[in-house]
Amino acid sequence: MPQPAQIGALTDELVASITNFSPSTNAQAFKHAKDLAARGLRGYQYGRTNQFDVRAKLDGFDEKFRVLNRDDLANALLERLKELDKVSTKWTPETLSLLLQLSDRPVEKSNVDDLELLKPPQSPSPLTWAEIIADDPLDEEGIWESIDYAAESSEDEKDYRKREKARASEPTPSSSFTEEDSHLDPESYVIPIQKDALLDIRKEQFWRHPAEHQAGGALAEGNHAAKKSASEITELQMIREVLFMLAGLPTTLYTIDTNLREFKINTVFTLGHVVSLTLDDLLSDLGGIGTQIYRLRKWTGNNPPIPLFQTFEAAVMKRLAQFDSSLAGLQSRYLNPEVPVSVSLLELHNEVRGFAGPILQLATLVVAVMPTLSENPFLYLEALFERTSLAQMMSDVGLFQFFARIFLDCLQPYLKPIRIWMEHGELGPDNETFFVFMNDKSSEAASLWHDRYAIRRHLNGELHAPNFLHPAALRIFNTGKSIVFLKELANHHKYTNIAQDEPRLDFETICGEAESLPFAPFSELFGSAFEAWIGSKFSLASTVLRQKLSSECGLWEVLDTFRIVYLGADGSLLQDFADLVFERMDELDSNWNDRYLLTELVHGIYGAVLAPGQAERLVIRRSTTKHRGRSVKGLSAVVVDYNIPWSIANIIQKSSLQIYQRAFGFLLKVYRAKYLLQKVSWNDIQGLGDDSLSRLGLKMRHRLIWSTDVLRTYLTETVFASSTSQMEEALSAADDIDAMAGIHTSYITRLQDLCLLSKNFSPIYQAIMSLLDLVVDFADAHSRRPNASASLAKVQTSQQKRDARRRKLRDRRRSIIPTRQNSSDDGSEDEYDGDAESSTSHDAATSESLYKIQEQFDRLVPFVVAGLKGVSRAGGESAWEMLAERLDWNFKVRCS
Amino acid sequence: MPEVDKRQAAREVIDILHEIATLLNTHLNRQQLSYCVSLIENGVNPEALAKVIKELRIQYPEPEEEEDEEEEG
């Protein structure tokens, strides 16, 4: 059963449609019709339509049409039926039967042409590329060339249009060029021109037709006078021009003079309500700002080779971009005003001056710095640093932050080589901007610290680095060297210095987060931040290095060895060694200083005491000396050498070894003197026979012993012990290898001075050597008395003979002494007439030499004392004063 | 979309039917035809419907129109 509601609605509509009655106009009639329809439709069961019946009827129609010579109808009907079959539903037969029942003499009445009118008007086919290109072919001259936007101004209308077209058609690729038959009517696409809009736009483009705006009549283009006369534009247009000019774009209002790179005002244009003078002033001010910014823009165009400069340029470009965006903000304010905004050139001027301030300063900085960049690549860094401090002093927060950020941005690439140097000890290739460079690549390891790398300096001695880095430069240098040193020590072990996070060097870290100016001066803040940054790398390297030096390389052991061997810290050992050497010296004549034997001796004696491995490094070297004979100086033939490991050699230089050896030589000579004196026994002296002579002998012995003891004490206690302990204390507290080397060098110098080994003291030293030689003389004088006891008896028999001899001696002494005096000044050649065999002459020689000795002693000691006192007064070392005093006591004793 | 396709398809059917109706000179305009089709699809008997339409046409003859298609019933 059909649904009543739907059917009712549809019925209404159908009725309305057929009868043209609507419920509103003719209600009753409508209702009647409706009822009629409803009654008809309701109801009794109809059978379903027989579709074969329908088919048959349609075929009948077809036949009928054809028979009655209406083939067109028949064909059309057949065609439609075919189409209908494709989309037939289950209701199709019903519909067809309806139509058949409603059909009204189609043979006569139907017209195929009516079908045509049924078609809805076709929508116009879409525009294709072929049609456009057929209309306007894209082969205009020069249309495919790339456009130089900056070259021409927009005054040329033709170019403007060409540019428009080129811009429009260039980016789109050409579509297929297949020609299509356009069955379209081109006329229908012509849109009539809206003349008003075009006139408006033309009016806005004031730069094209300045003559048109003239209040007066038309003026010829080529008329010079006409060009000078003013043409009015609105303030908004002027503002736009100014904004474009500031952004560096070509405008009509300002002409760019490319030689001088500045903007000049085109005085043709004026404002209606402003006196031209004021306007000129304002525009020229803005033009000045624009000029500087334009120059800055042009400067950022060239590509600098060094990364430092590239960073600087990038920073400048970033700031320019920020400036551009603020200009864009201004522009948008005029283009899309959210709140009503007043158009004012003055206001624009104020604003522009406000945020262009920092950029202008940057521009002046660039102009100032650029010419000298090739000489001093850090000038711009220093200039930025200065400006930052200046801005802080002027309490200009914006400017300060601006410059501080630029400075820190530009600093980062400079820190890179520093970081690599301090962390890995490596230098980048050919880095001219870094102040460390490889001085001597193939320097040996022993001079690694001092020679391999050097600091680059200018001709005037200044460091090749920005001035704010000067304080820290040495530490940076030392850190890198420490790393290199450690790498050498560890050989193949890769050592890197990246222990903890390095503190960042950026604006927030240095100046804090606050918006206001920091209270401390920027140079201080930066200095401390930089120190912290360096310190994070430096301290680790130096501590590790010190540890390694102490533990692995055995720095202290070497120093101990030196102390014991050269400086006689353990007197017994030295005594043993000395005794052995002296015995050999006395017994053997020529080969007493045989290297190998002496080296064995040394190893044997010291090997027990020194740290393991140290004794083997000692070697006795034979050195030629021109001192022959019995002088103490003959001991210089024996030199103890030590083989310093390379790592320690950086601290204890090889040159200092010489001083050690000379000090040792000095000490050894004193020991020799003592040894010789000890050999002269009491009896020997007593055996001189002569009372006064023996007294003299005793006295001399006593004084000589005292002198040698004083000297020895002076050397071992005063000089060696105290200086060495000081030095070792300082060394353990030292920061880095430089400091250690410095401490050691100063120690050596002091040692040299105190031991009277330096050139200044050579007279005094020679005098002391002569003194020691006197000892040798003395010993010789007494040892040449093997027949002492024999001659003693002879002497004792004739007292008168002795007296006569004494007188003779005195006489002879008086005559001989002058000659002896002359020849004994140098003290090196102590020729004895040891050829005197006879006992009398022997005795005479002895007493002679004794007196001689006494005399020389009397001469030398005051000389030494005076010299020492003078030097100590001048130089200030109190040790000399002490030595002088003690020698003096010895001397003054003689009175008794 | 199937919705659009259905409508598209339905419209095509109506088009074809309208053409056939024109050929057979049934004096039905498109709208009327669409109402008839809807009624039939809702189960109305076509014979009855045809009878009703004929009755209505007799009872309420339509006024003269300028267009050729519609004639006076």
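What is shown here is a predicted model, and a reader may begin with its largest nonpolar core, which holds 202 residues. Within this core, the residues that touch the most other members are A:Y380, A:L384, A:F407, A:F526, A:F530 and A:Y606. Helix α17 of chain A, running over residues 397-424, contributes the largest share of the core, with 15 residues. To see how one of these members is surrounded, consider A:L384, which, once its neighbours within four places in sequence are set aside, is in contact with A:F312, A:L362, A:L365, A:F403, A:I406, A:F407 and A:C410. Another core lies apart from the largest one and comprises 48 residues, including A:L14, A:A33, A:A76 and B:A50.

Chain B, to which B:A50 belongs, has three helices and zero strands, so that its pattern along the sequence reads α-α-α. Of its 73 residues, 47% are buried, while the chain exposes about 3,900 Å², of which carbon and sulfur atoms supply 47%. When contacts in chain B between residues at least 6 apart in sequence are considered, 25% of them join residues at least 24 apart.

Just after the helix comes B:G43, which takes a positive phi of about 105°.

Definitions and conventions:
Residues are numbered from 1 along each chain as its sequence is written. Chains are lettered from A and ligands numbered from 1 in the order in which they are written. This is a predicted model: local features need pLDDT of at least 70, side-chain atom pairs count only at pLDDT 80 or more; totals for chains, interfaces and linings use all residues. Side-chain values use heavy atoms; hydrogens and water are left out. A nonpolar core is a set of buried Ala, Val, Leu, Ile, Met, Phe, Trp, Tyr and Cys residues joined through side-chain atoms within 4.5 Å. Buried means under 20% relative accessible area, exposed over 50%, partly exposed in between (1.4 Å probe, protein chains only). Helices (H or I, at least four residues) and strands (E, at least two) are DSSP runs, numbered from the N terminus. Contact means heavy atoms within 4.5 Å. Accessible areas come from the Shrake-Rupley method with a 1.4 Å probe; for residues, only the protein chains shown count as cover.
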